[in-house]
Amino acid sequence: AGSFAQEKKAIKGFSGGMMVHTGYQFGGDNPYNLNISSPTFGIGGCAKIHFTKHFRAGFEGYFSTAPIRKDVQSGSHNKLFWTGALADWFWTLGKITPYIGVTVGGGMETSFYMFEGDKHDWLPEPMAVLHKQPFFALDPYVGVEYAVGEALRLTLKADWMLAINSDGLNRPMGPRIYFGFIFAH
C-alpha cells in the first residue's frame, strides 16, 4: 500500500544546492574591438521538484565573472548574471544519476573596461566604461549526480548558455563546468 501511495503523489521529492563553476568565454562584441576571451569563474544554485521518476523542474540562478587581462588595465571584467526556470530528465542507476535539461530565463551582462588608472587607489577613473545589457537566456546542460549518502549528492554539470539580446546572439559565450553539493529528499 505504501508503494501505491508514493506512485499517486504529485510530488515525488525535491533537491537543491550550491555549485561553483569555471569555464571559458570566447570573443565579445564591443565598440573598442577588445579581445575579451578569458577564463570565467562563478557560483550559484538550484532548487528542483521531482514530479516523476525521471522528470524534475525548478529554478536556478548564477553569476559568472571573467577578468579581462589583455588590452585594458587590471580590474576590467565581464560579468554575467542569469536565472530561470529549468526542466531536466534523469535516470537513477544505483548511486549514479545522469541528467540532461535546459534552463529558460533571463539575465544581465555587465562589462567594465578600465583603460588607465588603478583599481586600488579610490580615485575617479576618467578612462573607464561601464555597460549593462539584459538578455534572454537559453541554457542547455548535461550532468551527473553521485549519491554520497541518503540525502547528499555530488554533482558535475556542463552547459553552454545562449544569451540572446536585441542584436541577436550575444557574446561572450562559452562552456562552463559546475561542481556542487545537492541535498535531496
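Let me start with one term: a contact means heavy atoms within 4.5 Å. Keep that in mind for the model above, which is predicted.

First stop, Met108. Which strand holds Met108? Met108 is in strand E5, residues 96–114. Now, what does Met108 touch, leaving out residues up to four places away in sequence? The list is Lys79, Leu80, Phe81, Lys132, Gln133, Pro134 and Phe135. Take Leu80 from that list. Leu80 and Met108 are 28 residues apart along the chain, and their C-alpha atoms are separated by 5.9 Å. Is Met108 buried, partly exposed or exposed? Its relative accessibility is 30%. Buried means under 20% and exposed means over 50%, so a residue in between is partly exposed. Met108 therefore counts as partly exposed.

Let's step back to the whole chain. It has one helix and ten strands. The C-alpha atoms fill a box of roughly 70 × 35 × 25 Å along the principal axes. Of the 185 residues, 41% are buried. Look at the contacts with a separation of 6 or more: 61% of them join residues 24 or more positions apart. The accessible surface is about 10,200 Å², and carbon and sulfur atoms hold 68% of it. Charges next. There are 16 positive and 15 negative ones, and their mean positions are 13 Å apart.

Now the rings. We describe a pair of aromatic rings by the distance of the centres and the angle of the planes. Ring centres within 6.5 Å make a pair, and this chain has eight aromatic pairs. One of them is Phe55 with Trp89: the centres are 5.5 Å apart and the planes stand at 55 degrees, so this pair is tilted. Why does the pair tie together separate parts of the chain? Phe55 is in strand E3, residues 55–67, and Trp89 is in strand E4, residues 77–90, so the pair links parts 34 residues apart in sequence. Phe55 is partly exposed, at 24% relative accessibility. Trp89 is also partly exposed, at 40%.

There is an aromatic cluster too, formed by Tyr24, Phe26 and Trp160.

Last, charges over rings. Where does Lys48 lie? Lys48 lies over the face of Tyr99, 4.7 Å from the ring centre. Lys157 has its charged end over the ring of Tyr141, 4.5 Å from the centre.

Key:
Residues are numbered from 1 along each chain as its sequence is written. This is a predicted model: local features need pLDDT of at least 70, side-chain atom pairs count only at pLDDT 80 or more; totals for chains, interfaces and linings use all residues. Side-chain values use heavy atoms; hydrogens and water are left out. Rings of Phe, Tyr and Trp (its six-membered ring) pair if their centres lie within 6.5 Å; planes under 30 degrees apart count as stacked, over 60 as edge-to-face and the rest as tilted. Helices (H or I, at least four residues) and strands (E, at least two) are DSSP runs, numbered from the N terminus. Buried means under 20% relative accessible area, exposed over 50%, partly exposed in between (1.4 Å probe, protein chains only). A charge sits over a ring if NZ of Lys or CZ of Arg is within 6 Å of the ring centre and within 35 degrees of the ring normal. Accessible areas come from the Shrake-Rupley method with a 1.4 Å probe; for residues, only the protein chains shown count as cover. Lys and Arg count as positive and Asp and Glu as negative; His and the chain ends are not counted. The place of a charge is taken as NZ of Lys, CZ of Arg, CG of Asp or CD of Glu.
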